[in-house]
Structure formats: C-alpha cells, structure tokens
Amino acid sequence: EGAVRDHCADRGMEVRPVKAADGRARSRVGNGPLGPGDPLGSDDPQQIGPYRLVSLLGQGGMARVYFGLSPTNRAVAVKVILPHLARDPVFVEGFRREVKAARKVNGAYTPSVVGAGPDDVPPWLATLYVRGPSLKEAVPKQPFPEIAIWRLVGGLVEALQDIHEHLVHRDLKPRNILLDPDGPRVIDFGISAALDEFRTTPGRP
C-alpha cells in the first residue's frame, strides 16, 4: 500500500480509507469523481500478470477494468475478461486476434498496450492509465470552449486514422473517449471488435 500512496502523492491523487461491504476498512485511491475507482471486492483478483491491482475502474458486459501498478509503479488500466466469456473458445480466439492488432496501434491519441495475456485464464489486456474523465462524464458538467472542441475533433480524427490502419473500432462513443490533459484518448477498440465477432458467429442468438 505504501507504493500506491507514493505513486498517487506524486500525481496529486488522494488515498483515503473507505468501508467495504464486509465492514472492513480499505484504501480508496482517488481525487473525487475523477479518481481511479472503487475498492476491490472479495471476488476481484489481486494480481493479473505482472500488475498489482489496486481498484476497480468499472465493469461492462465483457470485462472488468482495474487500476493497477506495474513492478516499477507505472499506472496501468487492466481489462480482465469476465468468466463466462473466458470459457468461450470463439470469444477468446477473437480477443486473441484483436490483442494482436491492438499492439500495432501506436498513435498519440490511443493509450499504448503495455501487456496482454490472451491465453491466460482469464484473458487480459493492459494499457497505460489515462487520468481524466470520459467525454460522457465531462460534457454535462461544463460547456467546452471552441478551441477545446477543435482540439478534441482533431485528436479523434488522428486516433481513428491510427486505429483503422489495423482494425475497425466498431464502438466509438463518448464513454470510450477519455480526456487526458494533453488531448483525447480513444479506448476499447480491441474488445469491442471481439464482441462483435462473437455475436455474429453462426448458431449464436
């Protein structure tokens, strides 16, 4: 926990105690509504690959996303496939191909892939952590000045150009656009394509 506190202090982030569902105190890493999420639950892993998981950033229909630290305290976002999909060979094969494609995307406005375990149980993908709200979270809070809108549009165009050299995003939406201080970051282009392939496999509903 000391390493987590040091990492967060260097970045102006607060570590504060909270109570989990079982009543025990846990540390929550965050700086208000833009902090990296909620305490780990009893069913959450503590470690994925070389990354120590610190908190839960969110969960969708395919995966849980965790805030984690590398052995050198580099902040990462680790996406871990949910158990029912991890047992499906069709989905896992699609995820494996998309991880391979995602590694090739190396643009200024996409978070870099720093690690992956497509053949692990459960499969996972780690990218550099982007500290900032999603576009969905930011828009209702305050109007964007014109210069910020043009910067956002320019970053999104460049990000999609980089992504579409290797794969089709298929799930671009405000929730998948993170607003880093130095420009937008487009996320979730790999897993969304794997899900689309999973859904269109013959014989599946």
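Predicted model: local features only at pLDDT ≥ 70, side-chain atom pairs only at ≥ 80, totals over all residues.
Is Leu167 buried or exposed?

The average pLDDT for the chain is 79, and 75% of the residues score at least 70. Residues 1-35, though, have a pLDDT below 50, even though that stretch has 66 contacts in the model beyond near neighbours in sequence. Over at the other stretch, residues 200-205, pLDDT also stays under 50, and there the model has five contacts beyond four places in sequence.

Okay, on to the core. The largest nonpolar core has 13 residues, and the ones touching the most other members are Leu152, Ile177 and Leu179. Helix 4 (135-138), helix 5 (146-163) and strand 10 (177-180) are the elements that each give two or more residues to this core. Helix 5 is the top contributor, with four residues.

Let's zoom in on Leu152. Leaving aside residues up to four places away in sequence, Leu152 touches Leu135, Phe144, Ile177, Leu179 and Pro184.

Now back to Leu167. Where is it? Leu167 sits in the loop between helix 5 and strand 10. And here's the answer to my opening question: Leu167 counts as buried, because its relative accessibility is 8%, and the cut-off for buried is under 20%. One more thing to look for on your screens is Glu98. Leu167 and Glu98 are 69 residues apart along the chain, yet their C-alpha atoms are separated by 8.0 Å.

Definitions and conventions:
Residues numbered from 1 in each chain as written. Heavy atoms only, no water. Core = buried A, V, L, I, M, F, W, Y, C linked by side-chain atoms within 4.5 Å. Buried < 20%, exposed > 50% of the residue type's maximum accessible area, 1.4 Å probe, protein only. Contact = heavy atoms within 4.5 Å. pLDDT = per-residue confidence, 0-100.
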